[in-house]
Amino acid sequence: MIIGQILKSKGRGVMTARPEDTIQEIALRLSSRKIGAILILGDSENVVGIISERDIIRLIAEHGAAALTMLARDGMTRDVVSCTREHTLDEIMETMTKGRFRHIPVVENGTLIGIISIGDVVKHHTAEVELEVSAMRGYLATG
Ligand code: AMP
């Protein structure tokens with residue numbers, strides 16, 4: 001399975017914010033949308049960073065309540081690993097495992113077209129495994 005197929009079923013909607021937004025604004029958006037990460041876009045709508053709930057916890061641990069008035073640009077991860085529609089589910093699983101993160105933006109010609117979370121990966125991987133199991137059962141039954 002490739003990432004383009006997953007995007008077709010889940011849609012291209014991605015929650016984004018700006019480098020000038022405060023951590024409190026970002027926490028509010030993560031909470032109201034029940035999501036774990038938000039992508040930070042620059043002036044030309046390119047991905048310049050990502051902030052996940054883990055970053056917010058780290059900022060609060062380091063700065064206390066002052067973390068809430070800090071800006072996204074001061075707490076975001078800047079070297080964002082992205083993928084394309086052509087990447088496979090297996091490749092994305094490996095990238096998330098090796099990089100120890102749970103979100104990967106999907107980018108095409110420099111434009112953000114979606115995001116894949118660990119939840120999407122688990123859902124589609126499980127479906128793939130179930131399909132394989134039922135194919136094997138069919139094969140064994142007819143063999
Ligand atoms: P997560 O597991 O996605 O909540 O993120 C854990 C840490 O990895 C946080 O510091 C995130 O900012 C960072 N992170 C999340 N996704 C990515 C990504 N695609 N590329 C680089 N860093 C990431």
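Reply: Of the 143 residues of the protein, 34% count as buried, where buried means under 20% relative accessible area, exposed over 50% and partly exposed in between, for a 1.4 Å probe and protein chains only. The model is predicted, so local features need pLDDT of at least 70 and side-chain atom pairs count only at pLDDT 80 or more, while totals for chains, interfaces and linings use all residues. Residues are numbered from 1 along each chain as its sequence is written, and side-chain values use heavy atoms, with hydrogens and water left out.

The protein has six helices and five strands; these are DSSP runs numbered from the N terminus, helices being H or I of at least four residues and strands E of at least two. Along the sequence their order is α-β-α-β-β-α-α-α-β-β-α.

Now the ligand. Around it stand Ile50, Ser52, Asp55, Thr77, Asp79, Val80, Val81, Phe101, Arg102, His103, Ile104 and Pro105, each with a heavy atom within 4 Å of it. Two strands, β3 (47-52) and β4 (103-108), each supply at least two residues of this shell, and β4 gives the largest share, three residues. By type, the shell holds six nonpolar, three polar and three charged residues. Here Ala, Val, Leu, Ile, Met, Phe, Trp, Tyr, Cys and Pro count as nonpolar, Asp, Glu, Lys and Arg as charged, and the others, Gly among them, as polar.

Aspartate 55 has a polar side-chain atom 2.5 Å from a ligand oxygen atom, and threonine 77 has one 2.6 Å from a ligand oxygen atom. Valine 81 uses its backbone instead: an N or O atom there lies 2.8 Å from a nitrogen atom of the ligand. On its own the ligand has 480 Å² of accessible area, and the protein covers 90% of it; such areas come from the Shrake-Rupley method with a 1.4 Å probe.

The shell also leads to other parts of the protein. Arg102 and His103 are touched by serine 117, as is Met96, leaving out residues up to four places away in sequence; touching, or contact, means heavy atoms within 4.5 Å. Serine 117 lies in strand β5 (residues 111-117) and counts as buried because its relative accessibility is 19%.

Ile50 of the shell is touched by isoleucine 40, whose other contacts include Ala17, Ile26, Ile51 and Met76. Ile26, Ile40 and Ile51 are among the residues that touch the most other members of the largest nonpolar core, which has 14 residues. A nonpolar core is a set of buried Ala, Val, Leu, Ile, Met, Phe, Trp, Tyr and Cys residues joined through side-chain atoms within 4.5 Å. The elements giving two or more residues to this core are α2 (23-33), β2 (37-41) and α3 (53-63), and α2 gives the largest share, three residues. Apart from this core lies another, of twelve residues, including Leu7, Leu89, Ile92 and Val106. In soluble globular proteins, nonpolar side chains tend to be buried together.

Leucine 59 sits in helix α3 and counts as buried because its relative accessibility is 2%. From leucine 7 it is 52 residues away in sequence and 31 Å away in space, C-alpha to C-alpha.

Notes
Polar contact = N/O pair within 3.5 Å; in protein donor to acceptor, adjacent residues only side chain to side chain.
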